[in-house]
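Please open the model in your viewer and keep the selection panel at hand. The stops below can be taken in order, each with something to select and something to look for.

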Amino acid sequence: MTEQHATPVHRHEYQVPPYRVDSLELEFSLDEEETLVKSRLHICRNDGINPHEPLHLFGESMELLELSLDGKALRLGDYLLKSDGLSIALVPAQFTLEITTRLQPQLNTQLEGLYKSGGMFCTQCEAEGFRRITYFPDRPDVMSRYTTTVIADKARYPVLLSNGNPVERGDYDDGRHWVRWEDPFPKPSYLFALVAGDLACRRDTYVTTSGREVTLEIYTEHENIDKTAHAMASLKRSMRWDEEAYGLEYDLDIYMIVAVGDFNMGAMENKGLNIFNTQYVLASPDTATDTDFENVEAVIGHEYFHNWTGNRVTCRDWFQLSLKEGLTVFREQQFSAAMGSAAVKRINDVRILRNHQFPEDAGPMAHPVRPDSYIEINNFYTATVYNKGAEVIRMYHTLLGEAGFRRGVDLYFQRHDGQAVTCDDFLAAMADANNVDLSQFSLWYSQAGTPKLRVRDEYDPATQTYTLHVSQSCPPTPGQSEKKPFHLPLTVGLVDTDGKDLPLQLDGESHALDTAHRVLEIREAEQSFRFVNIPKRPRPSLLRGFSAPVELDYPYTAEDLAFLFAHDSDPFNRWEAGQRLMSDLLLEWTAKGIGKLPQPLLKAIQETLAHKALDAAFIAEAITPPTEAYLAEQMQTIDPLGIHASREALRQQLAQGLAKQWLSLYQELASDNTAYRPDGDGAGKRRLKNVALGYLSCLHSESEQTRCLEQFRQATNMTDQLAALALLADTEGEVADVALREFYERWQREPLVVDKWFRVQAMSKRSDALDRVVALIEHPAFELRNPNKVRALIGAFCQANPARFHAPDGQGYRFLADNIIALDGINPQIAARLAAPLSRWRRYDSKRQEQMKLELERILKTQKLSNDVHEIVSKSLA
Ligand code: 0A1
Ligand code: ZN
């Protein structure tokens with residue numbers, strides 16, 4: 001007998017909510033054994049709704065103790081109780097409903113709704129967690145004013161927090177105390193939050209441009225409070241930036257952040273009370289890497305920017321998720337670019353897009369930025385909604401320009417502040433503010449798949465004209481076999497033989513524009529652009545800054561690429577040229593066998609290393625070969641071991657060919673004794689130093705291993721220590737174990753550092769990596785209940801160690817399936833996320849396909865499989 005699984009929800013079935021909740025009072029009596037939640041909802045029927053329309057309140061995984069309407073107790077029969085909530089057939093036009101529910105947060109391992117993390121109570125309500133706290137019309141277009149009273153034992157839970165401002169507090173005789181919070185801004189239930197615990201607080205203030213003083217508070221467990229200075233500084237920078245870039249100020253008197261160790265995602269933008277994964281708050285030089293510092297700043301920014309893009313203007317329904325996420329990711333990208341190296345930020349963002357979103361868009365879970373249906377909304381917090389969504393926002397910015405984009409955003413807030421709206425509303429604001437027609441642009445929201453942009457060119461010396469022929473197509477995706485042409489910005493420059501950008505004048509224009517590049521608007525399946533007054537055949541620098549989320553096909557020769565790698569004035573395309581140069585070679589080696597490193601490539605890397613005008617962080621990116629994930633995407637049938645071998649061979653040959661340069665670079669950078677600062681300059685130099693150390697260790701000599709071990713032991717910061725540890729963990733001998741043991745002994749009391757220790761072993765190139773990972777599952781520090789641990793060990797092995805995960809014996813697949821099944825009973829949301837690598841089975845050879853399919857089928861046969869995992873696995877097999 002097959003089990004019953006939830007049915008899909010469709011975007012087109014949207015209906016306005018029949019009832020609204022103008023305000024509500026919540027009272028939580030928190031307790032170790034059972035928590036009681038009393039809610040009083042002030043409900044009104046919306047205009048135009050039939051008086052016979054029943055009231056439906058969602059509710060799951062809790063016990064209903066009492067229900068009364070306008071003071072009169074209701075009994076079963078007066079209402080209908082189902083597994084997904086309760087309905088009352090007949091209600092007045094306006095009434096008060098009182099509900100008491102009982103919860104057991106200590107048993108909540110899904111980490112949705114109210115749960116315990118360490119010694120504290122906390123909540124996670126996005127997307128549908130509030131319905132695990134009380135019965136409610138838990139949908140984002142129902143916005144209400146919340147008053148929340150939190151009651152708990154004063155000794156164990158001295159800190160009691162919720163959204164908004166604290167308005168009253170008091171003590172009971174029995175050792176309990178209470179605090180009442182009022183949030184003046186109407187909000188959807190997914191932004192509700194509550195925290196109770198014995199927490200330390202870092203406090204600061206921020207004065208907005210208009211002169212309002214805001215109290216800033218960061219809460220953590222006592223032992224971690226000294227690691228919150230960077231988060232606080234990042235928060236202030238975010239607040240300043242949003243005022244300067246968008247004219248947006250914070251709107252409450254207090255902004256709180258709480259760090260919790262058990263969290264399904266990165267962080268959550270609850271109104272006035274953000275809850276963060278500790279990973280994105282805590283940072284000190286000895287326990288956090290430069291990348292951690294950058295991530296803290298980015299995530300603090302992201303959640304802060306949500307206050308306007310997400311909270312003040314929210315989503316009408318969950319199909320519109322990218323309305324807030326795409327826009328907020330884009331705003332964070334702008335912020336981070338302004339705080340550090342814009343070029344390196346863009347490179348990293350595009351790398352994330354290509355390594356995660358492109359494969360998703362080419363697989364069985366491909367969906368538009370605004371999906372048309374879902375079974376479990378938690379499965380749609382994807383790279384497509386977030387990162388491709390951000391690229392869509394970036395394209396408005398590129399097409400309309402900085403000022404035009406700002407006009408659109410201003411109009412969006414003017415029209416929709418305080419509302420729950422759609423992606424169409426955002427597009428309409430952009431179009432109306434700029435008086436342009438963006439109807440074709442809307443296809444970016446509805447069509448899935450990564451478009452291919454084919455560019456060919458011709459030069460006519462007689463007329464001195466140069467023509468670009470551009471054609472676009474988009475591969476079929478599930479449910480969408482035919483695609484219409486997209487409207488997209490193609491930013492181009494034409495580079496002359498000296499490496500300079502040519503003035504760009506299109507046929508029919510009176511003069512050349514005084515800019516290095518220009519934005520060509522692509523709308524048709526095929527279009528041509530003829531440039532005039534071009535004295536010699538130029539080299540095209542196409543899709544500068546990665547102006548659209550497409551795959552570009554242009555027949556660059558190795559000479560073209562080496563030239564652009566040395567000269568392109570657009571830093572992204574300069575990096576891109578080097579990546580293409582290396583990836584062309586690596587794909588050839590993978591297909592035809594490893595050969596000898598071509599001299600021009602060696603020379604290009606050598607010149608980049610010696611380039612004085614380039615900053616260290618950029619050089620580090622430019623001399624690192626493309627990732628195995630990126631290379632895999634370029635292959636029809638992925639050969640994970642072949643890719644790995646080719647990439648290692650390239651690294652080895654670069655190591656040997658430039659051995660002297662690596663050594664002197666390393667020595668020069670390692671002799672820098674300035675104190676650690678996690679700023680862009682210092683981080684860039686450490687990055688470059690550690691890339692050099694990586695090449696040196698490819699020489700596989702004993703002295704290089706000693707060099708690594710020395711850096712590992714003498715490092716004064718986590719960046720240098722971890723970089724050396726990772727290199728040592730790749731080596732086959734015993735030194736790897738010595739270093740790993742020392743590291744664990746030193747850091748075993750720091751959970752976030754222990755995560756790094758797991759991750760380094762999960763990503764090890766050693767041939768026995770899987771055996772070690774399997775053994776580590778039994779390690780006392782590993783917990784299947786903690787998402788960070790799962791991601792560090794299982795996630796990293798299966799997603800970031802393709803050569804070992806795809807071992808020919810299929811043991812990697814079996815390991816993953818075993819763990820998905822084990823985790824599904826604990827935390828289905830995390831279990832479902834783990835399944836992504838198996839879902840891509842069609843991209844591999846027939847033997848691997850069989851092995852992966854077998855594991856997917858085994859998962860599907862599991863009793864009581866969650867909807868989360870069921871949706872991913874069944875769609876993968878369909
Ligand atoms: N809105 C958050 C992401 C988030 C989504 C779901 C969560 O739990 C199921 C938690 C956080 C953000 O974009 O930061
Ligand atoms: Zn977000």
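Select domain 2 (316-445) and domain 4 (559-699), bounds that come from an automatic or database domain assignment; the centres of these two domains, taken over C-alpha atoms, are 31 Å apart. Ten residues of domain 2 are in contact with twelve residues of domain 4, contact meaning that the C-beta atoms, placed from the backbone, lie within 7 Å. On the domain 2 side of this contact, five residues are nonpolar, three polar and two charged (Ala, Val, Leu, Ile, Met, Phe, Trp, Tyr, Cys and Pro count as nonpolar, Asp, Glu, Lys and Arg as charged, and the others, Gly among them, as polar).

Before going further, note that this is a predicted model, in which local features need pLDDT of at least 70 and side-chain atom pairs count only at pLDDT 80 or more, while totals for chains, interfaces and linings use all residues. Residues are numbered from 1 along each chain as its sequence is written, and chains are lettered from A and ligands numbered from 1 in the order in which they are written.

Next, select ligand 1 and the 14 residues around it, of which Gln-124, Glu-126, Asn-264, Met-265 and Met-268 come nearest (a residue counts as near if its C-beta atom, placed from the backbone, lies within 6 Å). Strand E20 (267-268) and helix H2 (290-305) each give two or more residues to this shell; helices (H or I, at least four residues) and strands (E, at least two) are DSSP runs, numbered from the N terminus. The shell comprises four nonpolar, five polar and five charged residues.

Notes
Contact = placed C-beta atoms within 7 Å.
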